[in-house]
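This briefing walks through one protein structure, topic by topic. Please keep the sequence and the 3D view open while reading.

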Amino acid sequence: QVQLVESGGGLVQPGGSLRLSCATSGFTLAYYAIAWFRQAPGKEREGVLCISDGDSITYYADSVKGRFTISRDNAKNTVYLQMNSLKPEDTAVYYCAMDYHSVCTPDYSYWGQGTQVTVSS
């Protein structure tokens with residue numbers, strides 16, 4: 001069955017960087033889009049970035065443009081979220097998600113358990 005496992009979260013100072021990983025199994029990563037979402041305390045979950053099967057990138061959140069990027073290593077069945085110039089407002093639980101489509105869409109059926117990112121001095 002589909003499994004998504006996030007890792008790489010933690011505490012980082014403002015201006016710092018983190019790279020999150022989404023390890024996938026149960027499907028062939030190369031064929032499908034993967035998205036990253038986040039949910040901050042007291043707020044609704046929001047989309048961050050998505051990468052299609054052909055490596056096209058969709059930004060769901062304008063606030064991360066120029067700071068975050070997404071990449072995939074199909075051989076390692078892993079998708080990465082590189083986060084630079086982190087701000088306190090980036091503090092959230094970050095989730096990766098997928099569904100059986102090759103392009104980025106707003107809807108996903110499968111979700112990981114999330115990894116906490118805290119940006120604070």
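**Loops and backbone**

S85 is found in the loop between β8 and β9. The model described here is a predicted one.

- The phi angle of S85 is near 50°, which is a positive value in a residue other than glycine.
- A30 belongs to the loop between β3 and β4.
- With a relative accessible area of 28%, A30 is partly exposed.
- Setting aside neighbours within four places in sequence, A30 is in contact with D53, R72 and N74.
- From A30 to Q116 the separation is 86 residues in sequence and 26 Å in space, taken from C-alpha to C-alpha.

**The four-stranded sheet**

- Four strands make an open sheet in the order β1-β3-β8-β7, and their pairing is antiparallel.
- The edges are held by β1 (3-7) and β7 (68-73); each has a single partner strand, so one side of each has no neighbour in the sheet.
- On average, neighbouring strands of this sheet are turned by 20° against each other, with direction ignored.
- Strands β1 and β3 are antiparallel and are paired over 5 bridges.
- Opposite V5 stands A23 in β3.
- Strand β3 (residues 18-25) is joined to strand β8 (residues 78-83) by 6 bridges, and the two run antiparallel.
- L20 has L81 in β8 as its bridge partner.

**Nonpolar cores**

- In soluble globular proteins, nonpolar side chains tend to be buried together.
- Which residues have the most contacts inside the largest nonpolar core? They are W36, F68, M83 and Y94, in a core of 29 residues.
- Two or more residues of this core come from each of β3, β4 (34-39), β5 (46-51), β7, β8, β9 (92-98) and β11 (115-119).
- Strand β9 gives the largest share of this core, 4 residues.
- M83 is in contact with G16, S17, L18, L20, R67, F68, Y94 and V117, leaving aside its neighbours within four places in sequence.
- Another core lies apart from the largest one and has 6 residues, among them A35, F37, C50 and A97.

**Aromatic rings**

- The structure contains 7 aromatic pairs.
- The rings of F27 and Y32 have centres 6.1 Å apart and planes at 65°; this angle is over 60 degrees, so the pair is edge-to-face.
- Both residues of this pair are buried: F27 has a relative accessible area of 12%, and Y32 has a relative accessibility of 19%.
- The rings of F37 and Y60 have centres 6.0 Å apart and planes at 35°, so this pair is tilted.
- Is F37 buried or exposed? F37 is buried, with a relative accessible area of 8%.
- Y60 is partly exposed, with a relative accessible area of 28%.
- One aromatic cluster is formed by F27, Y31, Y32, Y100 and Y110.

**Charges over rings**

- R19 lies over the face of Y80, at 4.1 Å from the ring centre.
- R45 has its charged end over the ring of W111, at 3.7 Å from the centre of that ring.

Conventions. Residues numbered from 1 in each chain as written. Predicted model: local features only at pLDDT ≥ 70, side-chain atom pairs only at ≥ 80, totals over all residues. Heavy atoms only, no water. Pairing = 2+ DSSP bridges. Axes fitted to C-alpha atoms, helices over the stretch in contact; angles between N-to-C directions. Core = buried A, V, L, I, M, F, W, Y, C linked by side-chain atoms within 4.5 Å. Buried < 20%, exposed > 50% of the residue type's maximum accessible area, 1.4 Å probe, protein only. Contact = heavy atoms within 4.5 Å. Phe/Tyr/Trp six-rings, centres within 6.5 Å; stacked < 30°, edge-to-face > 60°. Lys NZ or Arg CZ within 6 Å of the ring centre and 35° of its normal.
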